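Reader: I'm new to this one. Could you walk me through how to read it, feature by feature?

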Amino acid sequence: MSAASYVQSVLATLKQRDPNQPEFFEAASTLLNTITPVFEKHPEYVKANVLGRLVEPERAIQFAVPWQDDQGSIQVNRGFRVQFNSAIGPYKGGLRLHPSVNLSIVKFLGFEQIFKNSLTTLPIGGAKGGSDFDPKGKSDAEVMRFCQSFMTELSKYIGPDLDVPAGDIGVGAREIGYLYGQYKRLKGAQRGVLTGKGLSYGGSLARTEATGYGLIYYTDELLKANGETLADKRAVISGAGNVAIHAAEKAEALGVKVLTVSDSSGYVVDENGIDVAVVKQIKEVERGRIKAYADRVAGAEYHEGSVWDATDLKFDLALPCATQNEIDGQQAARFKAAGVIAVAEGANMPSNPDAIAANAGGVAVSALEMGQNSRRESDSFEKVDSQLHEIMQHIFKASDDAADEYGVPGNYEAGANIAGFLKVADAMYAQGM
Ligand code: NDP
């Protein structure tokens, strides 16, 4: 069987088995199509049906999460943990709390996590989880009761050497604290069981910043390889959460003018460069809407809708840091025509085709946090940040080299997918069935 027909047959089976999982199918088909050249060089992977095994999660858990709201009513949400692949290490991947969460979304995120984790060079497998619970508008007590119920079930399936969840959309320091507190109550203190923890109970310095900073380190490498630099570029950033805030912070430190941040209601434009301290105050302290930025910063404007529809903005770098499928084909074509030189993805699958490499910094520092927890040590911010920087440089180089080796030079997306896949495939092949 040719490499292309092997890949297509795996995709056909997938579609037939799970016709109602569009996000997962989109992620799998994008990724599989870019790694087809690997099977021409490695017929042994076809014979061992590595792909057929890789697209099926090793384990997918769905559970009920009952919790009591402040009015005394009983609410029920759905919880998920998809443990996708453990060929190179314990399952690792975030938890997402958002009303859109379903099995298809968790599978797409878990599947991409396998390759992203492999690229970091650290020994971590791929997983993802979450719930359709919406933390927005809930009191701290409601969020705590939800997290405790969620962890009461999840705790049966995770552990420091088995599966180590972290944050994602809707899961920040507050939620990780409540989740960890409940795990500890049930099982005793095992620091390595969650990453993104607070600094006072086993968290790593630079973990909060890691995904956003890592995105900018990656973008820096990408520009350098193409004879450009970050200095004096104009960037549009979407989102105003953990990834967007820290991407903006690092970009500005390296001389970029960040023009925008956004949330699901609208976006602000600040021609003087976004004041990250104001965004942190609104989103992290007040848990408010980004609209408030325009009320506080002279000259800034607020607009409803998607920042990617703002046709009057002139920029060089598009850095989507909010959610999946935020950039469609038409918008991407318009960027190209308007002279945008790079789209680097902080979010997972914000556009199609998708790239998995640029946002790997978060999970990389999560793995460093696991290492610090098992050593019972805390590394300095500078040490972790410089490890992160090196990992992002490595990821770019590995992607660039793999693209050259497999006949698609300059295609960093394909290169990243191939480099991530090869390590996992090699481990799966070596370990037998
Ligand atoms: P946060 O919850 O901190 O922030 C998410 C931001 O995106 C908020 O501003 C939110 O606005 C906005 N947003 C969410 N959904 C939508 C939507 N449907 N339309 C428009 N805006 C939306 O999440 P993170 O910053 O942690 O995550 C952002 C992205 O980065 C996700 O794709 C995540 O998977 C990815 N990522 C995160 C990592 C991490 O370490 N945190 C690691 C790797 C990837 P609003 O408040 O209105 O919902």
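Reader: Let's start with strands. How many bridges join strand β6 to strand β7?

Author: Keep in mind that this is a predicted model. To pair up strands, look for the bridges between them. Strand β6 (residues 234-237) and strand β7 (residues 257-262) run parallel and are joined by three bridges.

Reader: What about β5, which strand is it joined to?

Author: Strand β3 (residues 91-97) runs parallel to β5, and four bridges join them. Here Tyr91 is the residue opposite Asp163 of β5.

Reader: Are the faces of β5 covered or open?

Author: To answer that, check the residues on each side of the strand. In β5 (residues 163-166), Asp163 and Pro165 on one side are buried, and so are Val164 and Ala166 on the other, which leaves both faces covered.

Reader: Where do I find Arg287 and is it buried or exposed?

Author: Arg287 sits in the loop between α11 (276-285) and α12 (291-296). For burial, count the other C-beta atoms within 10 Å: 12 or fewer makes a residue exposed, 20 or more makes it buried. Arg287 has 12, so it's exposed.

Reader: And Met349, buried or exposed?

Author: Met349 has 24 other C-beta atoms within 10 Å, so it counts as buried. You'll find Met349 in the loop between β11 and α14 (361-375).

Reader: Last one: which residues come nearest to the ligand?

Author: Start with the shell of residues around the ligand. There are 23, and Gly241, Asp263, Ser264, Ala347 and Gly362 come nearest. By class, the shell has 14 polar, seven nonpolar and two charged residues. Helix α10 (residues 242-253) gives the largest share, three residues.

Reader: Why does the ligand lie between domain 2 and domain 3?

Author: Because both domain 2 (59-189) and domain 3 (209-351) give residues to the shell around the ligand.

Methods. Residues are numbered from 1 along each chain as its sequence is written. This is a predicted model: local features need pLDDT of at least 70, side-chain atom pairs count only at pLDDT 80 or more; totals for chains, interfaces and linings use all residues. Two strands pair if DSSP finds at least two bridges between them. Helices (H or I, at least four residues) and strands (E, at least two) are DSSP runs, numbered from the N terminus. A residue is near a molecule or strand if its C-beta atom, placed from the backbone, lies within 6 Å of it. Ala, Val, Leu, Ile, Met, Phe, Trp, Tyr, Cys and Pro count as nonpolar, Asp, Glu, Lys and Arg as charged, and the others, Gly among them, as polar. Domain bounds come from an automatic or database domain assignment.
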